[in-house]
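Got a model open and wondering where all the labels come from? Let's go through them one at a time.

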Amino acid sequence: MTMKVLYGASPEDVKGYDTERLRSAFLIADLFAADAVNFSYTHVDRLILGGAMPVEKSLTFGSGAEIGTPYLLSAREMGIANLGGKGTVTIDGKAFTLQKRDILYVGRGAKEITVASASAEAPARFYMNSVPAGADFPHRLIAKAEAKPLDLGEARRSNKRRLAMYIHPEVAPSCLLLMGITDLAEGSVWNTMPPHVHERRMEAYCYFDMADTDRVIHLMGKPEETRHLLIANGDAVLSPAWSIHMGAGTGPYAFVWGMTGENQEYNDVAPVALAELK
């Protein structure tokens, strides 16, 4: 298991970032490697992003040595989304089978987590979000069919999409973690449009189901001084509370969104008019 540390940045600092520094501060491009577990710890609301792709063997993790606790989830909760082939997540001896686009909620106190793929030819790709938790909730598998869908946007504005809530008070409760998946309708390219900021929550995204030749142009930054990142399949990006987050793809794509902060009020946002963007 590896743990990379990211320290975040203020909006004033980001004004002077070149492309390389912007990517190093906000983009995680090395989440999925064969038979490896890779985590990135960010000081932005203490979110941990992780990726695991078991191919030839199962992978076990759970030590809290990197974060100063007995176990990784001694004082944390976690969401695990499967973005690949069928796989299994075993928590302290209890096994859960995840199909593609299922999400497993792992409650505070879990000690040992083992992930495995049903087939080496079609390995599972487990994407993880973990945040500090001050309450106990039971582990729960949320199948794709159990997620709560929300249809947004319009085809004529190229932003028609379906947002599916998984770890959410209306579906599967947690302490502070929110997690779900958004898919764009055929012919639409824009996500999270029009943009907004949410001062009391940060967010992270993992883009997937993209062709290797396609990219998502992810726009971030203060509304009056935007920046952009070019995102490839399997990349994750951090979105601090002060930043907008919207993007357009050169081809079909989907993304996992995860949030944490002061509350779980999904509509606690401040809309930004397109005319305000610069």
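Strands here are DSSP runs of at least two residues, numbered from the N terminus. Keep in mind that this is a predicted model.

Q: With strands set out like that, where does aspartate 209 sit?
A: Aspartate 209 falls in the loop between S18 and S19.

Q: Why is aspartate 209 called partly exposed?
A: Its relative accessibility is 34%. Buried means under 20% and exposed means over 50%, so at 34% aspartate 209 counts as partly exposed.

Q: What makes the phi of aspartate 209 worth a look?
A: Phi is near 55° there, a positive value in a residue other than glycine. Most residues other than glycine have a negative phi.

Q: Which loop holds aspartate 92, and what is its phi?
A: Aspartate 92 lies between strand S7 (87–91) and strand S8 (94–98). Its phi is positive, about 50°, although aspartate 92 is not a glycine.

Q: Why does aspartate 92 count as partly exposed?
A: Aspartate 92 has 43% relative accessibility.

Q: How do you know that the bond between methionine 193 and proline 194 is cis?
A: Look at omega, which is about 5° for the peptide bond joining methionine 193 and proline 194. Most peptide bonds are trans. Proline 194 is found in the loop between strand S16 (190–191) and strand S17 (196–197).

Q: Why is serine 24 partly exposed rather than exposed?
A: Exposed takes over 50%, and serine 24 has 47% relative accessibility, so it counts as partly exposed. Serine 24 is in helix H2 (residues 19–26).

Q: What class does alanine 33 get, and why?
A: Its relative accessible area is 29%, so alanine 33 is partly exposed, given that buried means under 20%. Alanine 33 lies in the loop between strand S2 (27–28) and strand S3 (37–42).

Q: Which residues does alanine 33 touch, leaving out those up to four places away in sequence?
A: Asn38 and Met53.

Q: What makes tyrosine 207 and tyrosine 253 an aromatic pair, and why is the pair called tilted?
A: Ring centres have to lie within 6.5 Å, and these are 5.9 Å apart. Stacked needs planes under 30 degrees apart and edge-to-face needs over 60, with the rest called tilted; the angle here is 50°, hence tilted.

Q: What does the pair of tyrosine 207 and tyrosine 253 tie together?
A: Tyrosine 207 lies in strand S18 and tyrosine 253 in the loop between strand S22 (244–249) and S23, so the pair ties together parts that are 46 residues apart in sequence. Both tyrosine 207 and tyrosine 253 are buried.

Q: Why is the pair of tyrosine 207 and phenylalanine 255 tilted?
A: The planes are at 50° and the centres are 5.7 Å apart, so the pair is tilted. This pair links strand S18 with strand S23, where phenylalanine 255 sits, 48 residues apart. Ring pairs also bring Tyr205, Tyr207, Tyr253 and Phe255 into a cluster.

Q: How do you know that arginine 125 lies over the face of phenylalanine 32?
A: The distance cut-off is 6 Å from the ring centre. Arginine 125 is at 4.4 Å from the ring centre of phenylalanine 32 and lies over its face.

Q: How many residues line the largest pocket, and what is its volume?
A: The largest pocket is lined by 29 residues and has a volume of about 530 Å³. Leu152, Leu163, His196, Tyr266 and Asn267 lie nearest its centre. By class, its lining has 14 nonpolar, nine polar and six charged residues.

Q: What makes up the lining of the largest cavity?
A: Pro11, Val14, Lys15, Gly221, Lys222, Glu225, Arg227 and Trp242. They divide into three nonpolar, one polar and four charged residues, where Gly counts as polar. The cavity's volume is about 60 Å³.

Definitions and conventions: Residues are numbered from 1 along each chain as its sequence is written. This is a predicted model: local features need pLDDT of at least 70, side-chain atom pairs count only at pLDDT 80 or more; totals for chains, interfaces and linings use all residues. Side-chain values use heavy atoms; hydrogens and water are left out. Helices (H or I, at least four residues) and strands (E, at least two) are DSSP runs, numbered from the N terminus. Buried means under 20% relative accessible area, exposed over 50%, partly exposed in between (1.4 Å probe, protein chains only). Contact means heavy atoms within 4.5 Å. On a 1 Å grid over the protein atoms alone, a cavity is a set of points where a 1.4 Å probe fits but cannot get out, and a pocket is an open set with protein on both sides within 12 Å along at least five of seven lines; lining residues have an atom within 4 Å of a point. Grid points are joined across faces, edges and corners, and a volume is the space filled by probe spheres set on the points. Rings of Phe, Tyr and Trp (its six-membered ring) pair if their centres lie within 6.5 Å; planes under 30 degrees apart count as stacked, over 60 as edge-to-face and the rest as tilted. A charge sits over a ring if NZ of Lys or CZ of Arg is within 6 Å of the ring centre and within 35 degrees of the ring normal.
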